[in-house]
Amino acid sequence: MTAVAAVDLGASSGRVVRGTVTDGNVHIEEVHRFANGPVHHGGSLHWNVRGLHREVLKGLRLAGEVSSIGIDSWAVDYGLLDSEGELLADPFCYRDSRTDGITPADGLYAVNGLQFQPFNTMFQLMAEPLLPQASQLLLVPDLISYWLTGERGAEYTNATTTGLIDVRTGQWSPELTRDLPGLLPALRHPGDPAGVFEGVPVTAVGSHDTASAVVAVPASNDRFAYISCGTWSLVGVELSEPVLTEESRAANFTNEGGVDGTIRYLRNVMGLWLLQECLRRWNADLEPLLREAATATGSVFDPNDPVFLPPGDMPARIERWCGKSMSRPEIVRSILDSLALAHRDAVVDAQRLSGKEVEVVHVVGGGSQNELLCQLTADACGLPVVAGPAEATALGNVLVQARAVGAAHGTLTDLRELVRKSQPLKRYLPR
């Protein structure tokens, strides 16, 4: 039996998971969970990244003896180091309003292949007040790794979300980084060594949490779409080459790096953030509302409207968008119907734009436990939905580490077979 520790940092919580691979099965055990969320100070939204580091250390102590440590997190956000290697300030949160109104330059998509999001790292840097004082930039998981090991690097899958990677070469784009000399560290790839923490190797994984989640999609062949469903819904297909057509750009599809040189061709959909913010506003439990929402009639809205990006009074914004007052179950049903239709649109467009045929939709992440959303997604897509695993990100993190230390072997197909054998899955047929 080989054990590894997976550090999985999400925008609303983080945890440290102990994963084991034995007898052709992979199992995980959460050993430490802690809250996370943006904090207001100085009129802006930031992350308490030092607090996250302290919790990671606590979790690694609880994980016990392991053969490797891997770290993943949400994308795009970063810390800036000074010439002494010290953090200049807490990282900005991608939901901060300082990038409002930024528009992309012509020709960007042909280089970086990224869906336009005003919070992509390259646009955050355009509004970064500390950039003149910075010596180096580290994305959040690379920053935590640096604090553990003293070694700096930029893991490839997460680096592709910055907008500064040439998606055709897989390297930092000389064209897009010429005004950032020395700021960006050398790239490393999933499976590469990333240093040592107290005698334990730290291994680069798919440090963008979606890249790790896609590793754990329990597909038996390549004719699948995936929805990594949590705060965001990342909806797409796995390709071997990027799609850089003007039609793809206009459809707001992104080409992000995946594990083993794959391309995660996907569209960002706002996701369960909408529901999370409503529950926070109402101080309510989800399960009773889901039971009532199953028979409620909702309205359809565009979950990707930028009005829904910041935190705040989400129910009021949804009612304003729909032009009417609604009960809580009706708002929940509206969110789920709207997400299911956005999922369908992304799956249909991904097939049309990439030429890849899809036979099944895999929903992984926390949203795979929302039975109503999974059924509505199957209904909307007209395809079977396989839900699970809920812990896809941690499992993908564990599997890449296990392969690096010799406890697992083979291609992504082989790793996914371990997930199919080990994890409970539920199938939804379209009605």
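Trainee: What should I know before we start?
Mentor: It's a predicted model, where local features need pLDDT of at least 70, side-chain atom pairs count only at pLDDT 80 or more, and totals for chains, interfaces and linings use all residues. Residues are numbered from 1 along each chain as its sequence is written, and side-chain values use heavy atoms, with hydrogens and water left out.

Trainee: OK, how many salt bridges does a search of the whole structure find?
Mentor: It finds 23. A salt bridge here is a side-chain nitrogen of Lys or Arg within 4 Å of a carboxyl oxygen of Asp or Glu.

Trainee: Which side chain does R15 meet in a salt bridge?
Mentor: That's E391, at 2.5 Å from N to O. R15 sits in strand β2 (residues 13-22), while E391 is in the loop between β20 (385-387) and α14 (392-404), so the pair ties together parts 376 residues apart in sequence. Helices (H or I, at least four residues) and strands (E, at least two) are DSSP runs, numbered from the N terminus.

Trainee: Is R15 buried or exposed?
Mentor: Buried, with a relative accessible area of 7%. E391 counts as partly exposed, at 29%. The cut-offs: buried is under 20% relative accessible area, exposed is over 50%, and partly exposed is in between, using a 1.4 Å probe and protein chains only.

Trainee: Which residues are linked with R15 in a network of salt bridges?
Mentor: D8, E30, R33 and E391 are linked with R15 in that network.

Trainee: What about E359, which residue does its side chain meet?
Mentor: E359 forms a salt bridge with R223, at 2.7 Å from N to O. The two are 136 residues apart, with E359 in the loop between α12 (328-354) and β19 (360-364) and R223 in the loop between α7 (209-215) and β15 (224-229). E359 is partly exposed at 37%, and R223 is partly exposed at 34%.

Trainee: And R264, buried or exposed?
Mentor: R264 counts as buried, at 1% relative accessibility. The side chain of R264 meets E256 in a salt bridge of 2.8 Å, N to O, and E256 is buried too, at 7%.

Trainee: Switching topic: where does T121 lie?
Mentor: T121 is in helix α3 (residues 121-126), and at 0% relative accessibility it counts as buried.

Trainee: What is T121 in contact with?
Mentor: Setting aside neighbours within four places in sequence, T121 is in contact with V76, Y78, L137, L139, T161 and T162. Contact means heavy atoms within 4.5 Å.
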